[in-house]
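Morning, everyone. I will go through one structure today, starting with the aromatic residues and ending with the backbone.

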Amino acid sequence: MSYKMNLVIFFLFLTKAVAQNKGNQDLGLYQFAAYPIGVAVSAQIFVKDSAYAAVVAKEFNSVTIENHLKMNAIRPCDTCWNYTLADSVVNWCLRNKKRVHGHTLLWHESFPKWLKKYNSKQDSAFVENVLKEHVMKTVKRYKGKIASWDVANEVIADKSTELRQSFWLTILGPNFLSRIIQYAKEADPDVKIFYNDYGQEYDYVKIEGIDKLLATLKFQNIKIDGIGFQMHTCIQSPSLDSIKNAIMHF
């Protein structure tokens with residue numbers, strides 16, 4: 001699951017918004033913000049619970065689809081594609097004038113089980129084609145509907161400056177992220193591109209790894225538009241200072 005930096009912004013902005021909202025308690029807090037404030041949703045709850053949908057409609061102006069755009073959900077077998085649940089959320093967002101953030105085109109834990117058997121370097125051309133087809137077909141399907149994408153999730157290893165050991169790294173090599181970005185931009189030149197990860201607010205070695213990744217992309221003349229802060233948070237941690245420092249770093 002991915003919670004964007006919108007969560008941080010929401011808490012920092014909440015006190016001011018509540019104060020401004022005292023005169024009209026029926027207005028959603030997001031209406032006072034100069035930037036999108038979002039929420040991650042699951043279609044199974046979202047399409048069945050009218051009260052839940054009403055809160056999303058009132059309080060937020062950006063929606064992230066929690067799981068239904070991940071590869072294992074869209075491509076359950078090598079010959080089938082399933083966009084039903086993702087479509088249901090995107091169509092609701094369009095009807096209710098909500099911005100949609102796409103999550104995620106690649107994640108090491110969400111690739112389909114049927115793909116696991118292609119696990120050697122000899123399979124790299126086939127796996128590359130599967131990835132390219134998935135990225136281009138999915139981004140193109142939602143062109144003009146999804147405003148931004150996490151092109152990849154959690155690529156940097158914890159407490160490390162190196163890429164996470166994964167199926168994608170083993171089969172496709174270290175430049176797979178560059179190619180995903182290029183495929184996404186080819187499918188929708190106007191879409192915003194994000195790299196998403198967790199731990200930036202406390203894992204300072206990982207921050208160095210993300211810096212290294214961004215420098216590699218820049219050297220290859222590949223542009224991204226932002227960094228996603230996944231933000232696994234609780235009341236006690238991370239501290240506001242560590243969150244602020246991570247945001248200011250990037």
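Which residues do ring pairs link into a cluster? They are Phe 46, Tyr 52 and Trp 92. Before I go on, please keep in mind that this is a predicted model.

Staying with the rings, the count of aromatic pairs comes to nine. One of them is Phe 167 with Trp 168, an edge-to-face pair with 5.1 Å from centre to centre and 85° between the planes. Both Phe 167 and Trp 168 are buried. Phe 229 and Phe 250 also form an edge-to-face pair, with the centres 5.9 Å apart and 85° between the planes. Phe 229 belongs to strand β6, residues 226-229, while Phe 250 is in the segment after α10 (240-249), so this pair ties together parts that are 21 residues apart in sequence. As for burial, Phe 229 has a relative accessible area of 1% and is buried.

Lys 137 lies over the face of Trp 81, 4.1 Å from the ring centre. In the other case, the charged end of Lys 206 is over the ring of Tyr 198, at 3.7 Å from its centre.

In soluble globular proteins, nonpolar side chains tend to be buried together. Here the largest nonpolar core has 61 residues, and those with the most contacts inside it include Leu 115, Trp 149, Trp 168 and Phe 176. Which helix gives the most to this core? It is helix α8, residues 176-187, with seven residues. Trp 168, which we met in the ring pair with Phe 167, touches Met 71, Leu 106, Trp 107 and His 108, among others, leaving aside residues up to four places away in sequence. Leu 115, Leu 131 and Phe 176 are also among the residues that Trp 168 touches.

Helix α8 has a packing partner in helix α6, residues 124-141: the two meet at an angle of about 35°, with their axes 8 Å apart. The crossing of α6 past α8 is right-handed. On the α6 side the contact includes Leu 131, Val 135 and Met 136, and on the α8 side it includes Ile 180, Tyr 183 and Ala 184. Gln 182 is also found in α8. Is Gln 182 buried, partly exposed or exposed? At 44% relative accessibility, Gln 182 counts as partly exposed.

Last, the backbone. Where are the cis peptide bonds I want to point out? One joins His 103 and Thr 104, with omega about -10°, and Thr 104 lies in the loop between β3 (99-103) and α6. Another runs from Ser 237 to Pro 238, with omega near -5°, and Pro 238 is in the loop between β6 and α10.

There are also non-glycine residues with positive phi. Lys 97 has a phi of about 60° and lies in the loop between α5 (84-95) and β3. Phi of Glu 154 is near 60°, and Glu 154 is in the loop between β4 (148-153) and α7 (167-172). Lys 97 is exposed at 74% relative accessibility, whereas Glu 154 is buried at 8%.

How values were computed:
Residues numbered from 1 in each chain as written. Predicted model: local features only at pLDDT ≥ 70, side-chain atom pairs only at ≥ 80, totals over all residues. Heavy atoms only, no water. Core = buried A, V, L, I, M, F, W, Y, C linked by side-chain atoms within 4.5 Å. Buried < 20%, exposed > 50% of the residue type's maximum accessible area, 1.4 Å probe, protein only. Helix = DSSP H or I, 4+ residues; strand = E, 2+ residues; numbered from the N terminus. Contact = heavy atoms within 4.5 Å. Phe/Tyr/Trp six-rings, centres within 6.5 Å; stacked < 30°, edge-to-face > 60°. Lys NZ or Arg CZ within 6 Å of the ring centre and 35° of its normal. Axes fitted to C-alpha atoms, helices over the stretch in contact; angles between N-to-C directions. Left-handed = near helix turned anticlockwise from the far one by under 90°.
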